[in-house]
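Hello,

Here is the structure I promised to pass on. My notes follow below it.

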Amino acid sequence: SAVVQNHLDTTAQEVGYDNILAAISYVNSPTYGAEATNFRNWRDACWVAFYPILNAALAGTTPMPSDSALIAALPTFQNS
């Protein structure tokens, strides 16, 4: 989960926010609301994608992927 959280925060920082929480805090902003909504939806999609991977690894049905493979398995942030 730390890898996913770091990925979320790093992506938000690349756009100029302190972290993903700061990005999402603008969701009601008339100026940054659309971008904040995109970050919120992407964050949720990443966690939805991560938990089945984690659960399969914990169950022993698949190995836990490397950090880079895990990030590659997550949705890509789209700021459109």
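Arg43 is partly exposed, at 21% relative accessibility. (Buried means under 20% relative accessible area, exposed over 50%, and partly exposed in between, with a 1.4 Å probe and protein chains only.) Asp44 is partly exposed too, at 36%. Their side chains meet in a salt bridge, 3.0 Å from N to O. That term means a side-chain nitrogen of Lys or Arg within 4 Å of a carboxyl oxygen of Asp or Glu. A search of the whole structure finds 1 salt bridge.

A word on the source. This is a predicted model, where local features need pLDDT of at least 70 and side-chain atom pairs count only at pLDDT 80 or more, while totals for chains, interfaces and linings use all residues. Residues are numbered from 1 along each chain as its sequence is written, and side-chain values use heavy atoms, without hydrogens and water.

Next, Glu35. This residue lies in helix α3, residues 33-59. (Helices are DSSP runs of H or I, at least four residues, numbered from the N terminus.) Glu35 counts as buried, at 17% relative accessibility. Beyond its neighbours within four places in sequence, Glu35 is in contact (heavy atoms within 4.5 Å) with Val15, Tyr17 and Asn79.

Now the helix itself. Buried residues of α3 include Trp42, Trp47 and Phe50. The buried residues of α3 pack against α1 (2-15), α2 (20-24) and α4 (67-73). After α3 comes Gly60, with a positive phi near 80°.

Best wishes

Methods. Helix = DSSP H or I, 4+ residues; strand = E, 2+ residues; numbered from the N terminus.
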